[in-house]
Amino acid sequence: TDFINADSLKTTIDKDQLDIASFFVSDTRRFAAIIQIQIDVNGRAYNVLEYSIALKKSDFVRTFISVRIPGDERELYRAYKNFLKHYNVAYSGSNYDQTPVQRMLTMTEMLPLVPLLLEQFVGEDGIDLSVVDDCLRARPSHNRCIFGRSKRFSTSNWLKQHPLSLIAEANHAPVYDHDVVKICVDLKFQLFGNFLYLLILCAQIFFVILYTGVALGSPTPPRSYYDSLNITCKQLCDKLTSDPFDPLPGNVFLRFLRALLLLCSGIALLKEFIQLITQREKYFRGFFVNVLELHTYICAILFAIDLNYCSQRTGLRCKWQWEAGALGMASVWTLLLLVFMNALKIGKYGLLFVSVFLTFLKFCLIYVFIWIGYIIAFHMLFVHKKPQFTSVFYSIPKTLAMLTGEYDFDDLFFPHGKVLQGSEAAMVLYSTFVFTMNIVIMNIMVGLAVSDVKRFRLNAKREHLRARIETCLGLQAKFGLLCETCSR
């Protein structure tokens, strides 16, 4: 007690005397005294680990979290774990009381040391998950959950300050890969997440089936919508219903399903706007998924609404409604894949697709200028010769099709077996296009994507874990009582 006290340890840390700190912790009797010491800072008491974190002394933090306690010193090991997860008053500038691991997860300098701290909670008797989750399955409340406490406990604060949420936000691979984190998330899903996720999955499947059923069950003109461009939607509907040979009948059941689709889509769209208002920056971080959801629900609403009494009775859609419905159909089935990705273990392969897709989009941002140049050039050279290039709008899909190898060389330059006169400049452009786009750029893009597949798979696994963390914590914060019931 003459040498190991609050003053000596404070001075040791302040003066960066790491050798003295290492000597102090090398003996279990000395260490047992150290973990009981409180250092006073402006009227607030912190243990030596918290004080080292506050000063961002990484070497001292490493020293205090790397002590190995002998197996027969059970009481000391229990006291050491309490020391490592001590819940204490906030540092200056923070509104929340926190544990050491919470503070370390918010500091860039301390992130690499978090796995060392978590390792102390893996022992011969099992794994102690309380360091990252103090209410594993319980509904968050002030009398049983500590994370996120301030002057007033709330589930939103608990969700924001939960160590798993901070781990997802920090996005540090060694922390993601630690057994304590993975086992904690898996256990939460086994207790309540799988059942509640099943409800979400069933709701999404119901929406997909409803949308698909309404789309496939809706009547269409005998030939196609493209043959009815010169008449209005109402005129088309009246014409089909008054057909003396095969009149278009009414369909009450289809009308009911359309109303149900409209109701479900409206509720889902309202949910997206609420998320946009409440989550803000977080909502835009998931830009790809959220835009896809907005696109799906808006297309479903446009497809389900009735513009006149005739279309309401028969279910016939206008041409633009039919096109909106088709675009939404492609999105709604993609969303079903994304729902699978959030919880099921095989979902990481869906995330692998998303990772590669977004990587290709980054490449496209670089090469889009070359594509624009070729699109305009082909349009200029073939504007009066080939219908595919009569408009820049038509030239875009044609040029994209050429990227896949659909060149149509003979049809472009040797129509009907004869050479297209004066096409020398177009042939030079065409040859340059084939060499630049297919031989060079496409091989670069494919090569980069294939070479990074291993990294993409690791990132997909971590993104999958992040999605599971957000799902289970969100369920626990919003439906805590239901989570308790399911876990029983």
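Is Cys237 buried or exposed? I get 0% relative accessibility for Cys237, so it counts as buried (under 20% relative accessible area is buried, over 50% exposed, partly exposed in between, with a 1.4 Å probe and protein chains only).

Provenance note: this is a predicted model, where local features need pLDDT of at least 70, side-chain atom pairs count only at pLDDT 80 or more, and totals for chains, interfaces and linings use all residues. Residues are numbered from 1 along each chain as its sequence is written, and side-chain values use heavy atoms, leaving out hydrogens and water.

Next I searched the whole structure for disulfides (cysteine sulfur pairs within 2.5 Å) and found 3. Cys237 pairs with Cys310, sulfurs 1.9 Å apart. The torsion about their S-S bond is about -85°, so I logged this disulfide as left-handed. Cys237 sits in helix 13 and Cys310 in helix 17, so the bond ties together parts 73 residues apart in sequence (helices are DSSP runs of H or I, at least four residues, and strands are runs of E, at least two, numbered from the N terminus).

Then I checked Cys233 and Cys318, which are also bonded, at 2.1 Å between sulfurs. Their link is left-handed, with -90° about the S-S bond. Cys135 to Cys145 has an S to S distance of 2.1 Å, but that link is right-handed at 135°.

Counting bonded cysteines along the chain, I wrote down the pattern 1-2, 3-6, 4-5. Cys472 is in no disulfide; its nearest cysteine sulfur, on Cys184, is 7.5 Å away.
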